[in-house]
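Subject: Structure handover

Hello,

Here is the structure you asked to look at. Please open it first, then read the notes below.

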Amino acid sequence: MQFMLLIYSQEGSGPQPGTDEFGPFIGAYMGFTQKMKDEGKLISGEGLQPVATATTLCVRDGKTHTVDGPFAETKEQLGGYYILELADLDEALKCAAEIPTANYGRIEIRPIAVYD
Amino acid sequence: MPSPSQTEAQITRLIREEWGRLVAVLTGFGGDLSLAEDCLQDAVVAALEVWPKSGLPDAPDAWLIATARRKAIDRLRRARTKLDKAEAVALWHWQHAPEAEELQTLPDRRLELIFTCCHPALDEKSRVALTLRAVGGLTTREIAAAFLDRQETMAARLTRAKKKITSAGIRFRLPDPEDLPDRIDGVLKVLYLIFNEGHRGSSDQLMRTDLSEEAIRLGRILTACLPDHLEAKGLLALMLLTDARRLARRGPDGAFIPLEQQARSRWDRGKIHEGITLVEQVLGSGPPGAYALQAAIGALHAEAPDFASTDWTQIVALYDLLWNLQPNPVVLVNCAVAQSYATDPSTALVQLEATGAGQHLQAYQPYHACCADLLARQGRSAEAIVAYDRAIALTEAPEEITFLNARSDAVASAEKSDS
């Protein structure tokens, strides 16, 4: 079954560009992505631009409302995701623990719905 | 031939006893806990209809499994028009499930069931409720009553939990070896929660008593499934040794009776013997864990003919070991109490204060109650009464307030008669 691993963290937490820790941090992400690819688990995975670039939209009574900013103003923001093909939740939990941001932020694990 | 009501009682007992094993076997067929429980319930309804007329079959559990299996296939077929891929696979599994003349010929899958019910992705209360329902065979009504919840609320909780198991991808299997230690710890915690729930309160003692017995029964199941796991044995021993003192812990009015005033003749010697045997096995097999250490302390209390002849020195040593594993206020305060009997109250108080407890534990009721007792026993009555007042101010349970007030009054009146 497929799982989406949503990566949440407070912007500015964790290793920042220009610091000594940043290189190994990015390296760890590349390593994780490559491992998922090699094991045939990776469906997709991307990082997102900072939350300052977010726009939220809704349509009410046919009228489109656009708001600057993310859906929810929370400390921890969605910063990226992976979609992985895995056996079960236990495996998803193990993969999530390997995502470097798990050490600074939080990973939410959501099974992908199947319509058939 | 037994009367219908006798048969019914027999059936109820048998189903309660075998429920967990049956649910585990049925969940093993299709991987679906919800369906397993539903079709077993169908089979039970059928049994209650047929058996009082025909008498119990030779192998009632095999009969229940065969019937439950037919019911599951019926349920899946009925849903066939909208059967999705997963359900089609499930139907195939149910149709090809092994036939059994006796339940014992099928592999025992209760351990998988326990791990599923205690999965860390479920919230704690749901783990407890689900374990009691699926493994222990308690009815939703019994579980709701034990937690003072409405039956509908508990039923909704159980349904939600089972739905999450299916949809979140919690598979009916043993955890990977590297996950096993954490997951077993989680299971032990659930059992201990159930046990302690049974020990809390006094007003509704009868039904809560059931939960302690139930936790012990689950502990026996777990140790049977994991015969080499020392902490599982340690927990079972701890529960047995604690429960052995249950009758002596409450007065006729439900008031709490402290260890030193308990009538030791009311302790349950059978449970004590079983608990001590387990403690000896565990201590002889390797470094003891936290449950085993607490059980060992319980065993020393149980072995002492009276309060005064308790081996306090060894109890202090065990608390020191426990402190290394679990440096928490409960251990600290209990150790101070033991120390006060191993040496004297003044030494114990000095040692307790040396840990900085006076700063860290200001909001912790047992700390003040302990200080009060240590002060009173040194004849420092005025300070003791102040400490009792602090403890009372931090207590919400009426029976604890009654107990502390009585202690404080005793100190005050002793002071008066001395002067």
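Two residues are in contact if their C-beta atoms, placed from the backbone, lie within 7 Å. Keep that in mind for what follows.

This is a predicted model, where local features need pLDDT of at least 70, side-chain atom pairs count only at pLDDT 80 or more, and totals for chains, interfaces and linings use all residues. Residues are numbered from 1 along each chain as its sequence is written, while chains are lettered from A and ligands numbered from 1 in the order in which they are written.

Start with V333(B). It sits in helix α16 (residues 329-342) of chain B. Helices (H or I, at least four residues) and strands (E, at least two) are DSSP runs, numbered from the N terminus. Beyond its neighbours within four places in sequence, V333(B) is in contact with P366(B), Y367(B) and C370(B). Is V333(B) buried or exposed? It is buried, because 22 other C-beta atoms lie within 10 Å. The cut-offs: buried takes 20 or more other C-beta atoms within 10 Å of a residue's own, exposed takes 12 or fewer, and partly exposed is in between, with C-beta atoms placed from the backbone. From V333(B) to R109(B) is 224 residues in sequence and 42 Å in space, C-alpha to C-alpha.

Next, helix α14 (residues 290-303) of chain B. Its 14 residues should span 20 Å at 1.5 Å a residue, and its end C-alpha atoms are 20 Å apart, which agrees. The expected span is 1.5 Å times one less than the number of residues. Of the 14 residues of α14(B), 12 are buried. Among them are Y291(B), L293(B) and H301(B). The cover includes α9 (180-199), α11 (230-243), α13 (269-283) and α15 (312-325) of chain B.

Now chain A. An open sheet of 4 strands runs in the order β2-β5-β1-β6 (chain A), with antiparallel pairing. Strands pair if DSSP finds at least two bridges between them. β2 (42-47) and β6 (106-111) of chain A stand at the edges with a single partner strand each, so one side of each has no neighbour in the sheet. Strand β1 (residues 2-10) of chain A pairs with β6(A) over 6 bridges. In β6(A), I107(A) is the bridge partner of I7(A).

Last, where the chains meet. 7 residues of chain A are in contact with 11 residues of chain B. Helix α2 (residues 89-98) of chain A gives the most to chain A's side, with 3 residues.

Best wishes
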